[in-house]
Amino acid sequence: MALKAITANRLRDGAVVWLGQKGDWVERIDAAATYDEAGAAAALAQAQQDEARNLVVAIYTLDVEILDGAPSPLRTKERIRALGPSVRADVGKQADPIARAAA
Amino acid sequence: MPLIENGRAVADRWVSLADDAALPAEGGVIVSFARWQAERDALLARSAPLGVRLPSTVSAGAVAPDLERFALVVVEFPKFRDGRGFTTARELRERWGYTGEIRAVGNIIADQYPLLVRCGVSTVEVPDGTDVETWARTLNTVTIAYQASVGEDEPLALLRRRVAAA
Amino acid sequence: MTYVHPRNHAGIYHYDELDRQFVRERVEQFRFQVERRLKGELSEDEFKPLRLMNGLYLQLHAYMLRIAIPYGTLASHQLRGLSEIARRYDKGYGHFTTRQNLQLNWIKLEDTPDILGKLAEIDMHAIQTSGNCVRNVTTDQFAGAAPDEVVDPRVYAEILRQWTTIHPEFTFLPRKFKIAISASGEADRAAVRVHDIGLVVKKNAEGETGFEVYVGGGLGRTPFIAPKTRGWLPEEDLIAYIEAVLRVYNQAGRRDNAFKARIKILVHETKLDKFIALVEDEFARIRGPKFRLDSAIVEAIRSHFAPPPFEELPPASDLAVRRRADDAAFDAWVRTNVRDHKAPGHASVTISLKPAGGVPGDISSEQMDAVADLADRHSFGEIRVTHEQNLVLAHVKQDDLYALWQALSAVGLATANAGLIGDIIACPGLDYCSLANARSIPIAQALSERFADPAKQAEIGDLKIKISGCINACGHHHVGAIGILGVDKKGEEFYQITVGGNAELDASIGDILGPALTADEAVDAVERIVDRYLERRQPGERFLATLARLGQAPFKETAYAAD
Ligand code: HEM
Ligand code: SF4
């Protein structure tokens with residue numbers, strides 16, 4: 001079974017975020033917490049409270065693997081969410097120097 | 001459940017009767033369309049006012065021949081996305097000339113309220129705890145309409161018009 | 001920036017005080033809704049339909065705002081306003097869609113009421129660009145300029161825009177509803193037969209205006225070419241008839257399954273004759289003074305679209321002719337991107353948003369500003385957006401063409417490929433869209449580079465490639481001469497090729513050629529299909545005609561030939 005992470009969009013600005021180690025929402029997938037199947041279900045249930053608290057919307061789990069010590073999505077769609085459009089390197093998270101340093 | 005009319009909470013004088021509940025001797029009752037069809041004679045034998053509740057699958061035409069018997073027609077909205085009730089209300093008024101109360105019930109959002117009114121709905125039943133202020137406000141936020149609606153029968157002189165604020 | 005005196009402006013619809021008040025009130029209404037959402041008084045479930053009705057989606061990277069460009073006509077100050085909004089609230093670019101809208105991909109919910117406020121200041125809005133209501137009415141990008149035009153279709157598009165705006169009865173239809181209007185007889189540049197209602201404006205023998213009506217077209221999962229429901233609808237009955245169609249649909253359209261909820265399914269399942277009878281019945285009943293479209297209203301709206309003050313010019317410009325002889329690149333551009341105009345000595349210019357290797361339909365704020373300036377200088381301050389995701393300057397003096405071409409070249413907007421194979425329609429696909437199965441843009445980029453050579457494009461001629469990233473078919477792949485559909489196979493991006501689609505009045509849906517291919521294979525296969533066409537065609541034969549003559553087999557064989 002693949003490793004999981006939890007993602008959502010922040011309500012106020014729509015930014016793609018992942019559930020971090022401390023149960024906070026982080027803007028970089030590098031800082032996302034990862035879970036096994038059972039852990040993911042529990043974390044998702046917990047995270048859904050943040051939907052009720054109107055912090056984030058559209059919460060779900062995604063499959064990741066650990067590459068160079070950081071979570072990396074398995075599916076193209078989630079890679080594009082984590083980085084930005086594959087056709088424009090100058091926009092999205094990939095365009096931000098912090099992301100490049102971390103990548 | 002609270003009832004809203006003209007942007008204000010009003011008292012509900014009607015009793016909604018379940019299909020298997022006994023018919024009370026007196027007082028206005030609302031029955032389902034199915035019960036109306038099944039117990040027509042018994043219902044007409046009473047002298048109290050009668051209301052009928054139409055599911056969204058039943059259109060205005062189904063009750064058209066009997067409209068003078070109803071003091072109230074309830075139009076159901078199973079989901080707010082199900083917009084059939086807008087047509088039902090409008091047909092009751094424009095096609096069949098119904099002048100009694102039209103009540104919208106079910107899953108309805110505040111922002112639909114002005115549209116319901118423009119289709120001829122008189123009252124809306126809302127869940128307990130609803131902030132009536134919000135509903136009143138939606139009625140007055142947009143005061144321009146681009147089409148004739150119920151009650152505006154003069155020839156179409158202009159597309160745009162101010163709608164009278166409630 | 002050149003200032004264009006209003007007197008010299010091409011006609012566009014100017015808001016009056018009522019229109020202005022309406023959009024301002026809508027903005028305040030939405031501001032209140034956003035406030036309630038951010039405070040938690042509205043849940044996402046309750047808020048979603050409200051934001052969608054204002055064109056705001058939640059997409060892959062952020063919120064996406066779809067701004068309506070009614071029937072694709074813009075004044076230069078409006079384009080500058082859009083450029084400013086893209087710069088200030090987005091990332092300095094936007095994407096023009098096949099429905100003549102502009103999409104911004106990086107919008108914040110908390111900014112949206114202000115953005116809508118800015119739009120209201122330039123007589124624009126995002127109302128009904130989403131949701132199960134009547135969407136932006138689209139029309140011919142050469143309206144008011146095309147020599148073959150019967151009357152300006154924008155007049156009726158504006159009437160319908162108004163009539164359908166927050167229609168009290170038809171704002172919660174079973175599914176979205178799209179209307180397109182064309183007014184040039186057989187030359188349909190609005191793809192009317194793949195719309196829920198397609199209208200073709202006509203004149204009868206008595207010189208009266210009316211419409212030929214098609215109902216029930218659409219693409220998506222189950223594509224249908226709309227059948228004709230009425231050969232002649234008098235102008236005064238336009239609104240009564242549309243109301244009748246919408247009422248029948250609102251009552252009888254399926255609501256049990258979103259994939260079967262479009263009117264095309266209702267028309268198909270009730271059978272055409274019965275559907276027509278239902279509509280005619282309703283139409284006969286409501287056809288009265290209340291719904292009669294008074295000719296005074298039509299004239300009042302028409303006055304907004306009055307032709308600009310064209311100079312009297314000889315039919316052809318000597319200057320343009322000389323420049324074409326001297327400059328082969330200019331000549332090639334004129335051949336593909338410049339069309340005849342009804343006023344002598346004028347022309348309509350297509351600004352291609354399809355540079356080789358570019359993102360179809362994308363435009364930067366700088367380019368928007370440049371186009372706005374050029375519109376002021378050369379086209380009475382007015383711009384069109386086409387359903388092929390390009391822009392048009394409709395009213396250019398032929399004498400100005402060379403200067404215009406040079407100025408466009410300087411900002412990368414003089415690609416000479418309008419209507420050719422490089423003029424690819426592509427939806428945003430997986431790079432932006434959360435519903436996508438596969439990316440569309442990289443396929444478009446690879447193909448436009450493969451066919452970048454202008455001589456090769458000219459040799460191939462009229463062959464339209466259309467790409468969608470999923471079966472929703474926003475990229476119109478069903479009606480591409482070559483269509484490409486992104487599919488997902490076990491988490492990998494694959495592409496299914498169709499051939500033989502066509503969106504004009506003799507519309508047809510393309511047939512699937514065979515099993516889906518990888519991105520690289522699909523690009524190679526398209527190139528081989530085109531090569532086979534070039535080998536086998538008879539002189540002057542279009543791709544679609546060659547395909548009809550030879551059948552699929554030779555194309556299928558070459559598409560799947562292992563090399
Ligand atoms: C990125 C956000 C978008 C979303 C979420 C979206 C969603 C959809 C959906 C769900 C359908 C299918 C509806 C049905 O068949 O009932 C559809 C169809 C369509 N959309 Fe989009 N779309 C998006 C972008 C676009 C773009 C960029 C274009 C233009 C390039 C576009 C134009 C169309 C057209 C022309 C159709 C098919 C024609 C028809 O209505 O049958 N959409 N879209
Ligand atoms: S066709 Fe599919 S992938 Fe493309 S924009 Fe439409 S919904 Fe998105």
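User: Hi! Which chains have the most contacts among the two pairs of chains that touch?

Analyst: Happy to start there, keeping in mind that this is a predicted model. Two pairs of chains touch. Chain A and chain B do not touch, their nearest C-alpha atoms being 19 Å apart. Of the touching pairs, the one with the most contacts is chains B and C.

User: Turning to chain C and chain A, what is the area buried between them?

Analyst: The contact involves 30 residues of chain C and 23 residues of chain A. Carbon and sulfur atoms give 60% of the buried area. The area itself is about 2,100 Å².

User: Which residue of chain A forms a salt bridge with C:Glu110?

Analyst: Two salt bridges are counted between chain C and chain A, alongside eight residue pairs in polar contact, both residues at pLDDT 80 or more. In the salt bridge of C:Glu110, the closest N and O atoms are 3.3 Å apart. Because a salt bridge is counted within 4 Å, this pair qualifies, and the partner is A:Arg12.

User: Which element gives the most to the side of chain C that touches chain A?

Analyst: Helix H1 (17-38), strand S5 (101-107) and helix H14 (441-450) of chain C each supply at least two residues of that side. The residues of this side divide into 15 nonpolar, six polar and nine charged. With three residues, the element that gives the most is H14(C).

User: Now the iron atom of ligand 1: which residue is its only protein donor?

Analyst: The donor atom is an SG, at 2.2 Å from the iron. The residue that carries this atom lies in the loop between strand S17 (465-468) and strand S18 (482-489) of chain C. That residue is C:Cys474.

User: S17 and S18 also belong to a sheet of five strands in chain C. Which are the edge strands?

Analyst: The sheet is open, with mixed pairing, and its order is S16-S17-S18-S19-S20 (chain C). An edge strand here pairs on one side only. That applies to strand S16 (425-426) and strand S20 (511-512) of chain C.

User: And at the S20 end, which residue stands opposite C:Val499?

Analyst: Strand S19 (residues 492-499) of chain C runs antiparallel to S20(C), and two bridges join them. C:Val499 faces a residue in S20(C). The residue opposite is C:Asp511.

Definitions and conventions:
Residues numbered from 1 in each chain as written. Chains lettered and ligands numbered in written order. Predicted model: local features only at pLDDT ≥ 70, side-chain atom pairs only at ≥ 80, totals over all residues. Heavy atoms only, no water. Contact = heavy atoms within 4.5 Å. Buried area = accessible area lost by both parts, 1.4 Å probe. Salt bridge = Lys/Arg side-chain N within 4 Å of Asp/Glu carboxyl O. Polar contact = N/O pair within 3.5 Å; in protein donor to acceptor, adjacent residues only side chain to side chain. Helix = DSSP H or I, 4+ residues; strand = E, 2+ residues; numbered from the N terminus. Nonpolar A, V, L, I, M, F, W, Y, C, P; charged D, E, K, R; others polar. Pairing = 2+ DSSP bridges. Donors = N, O, S within 2.8 Å, 3.2 Å for Na, K, Ca; no water.
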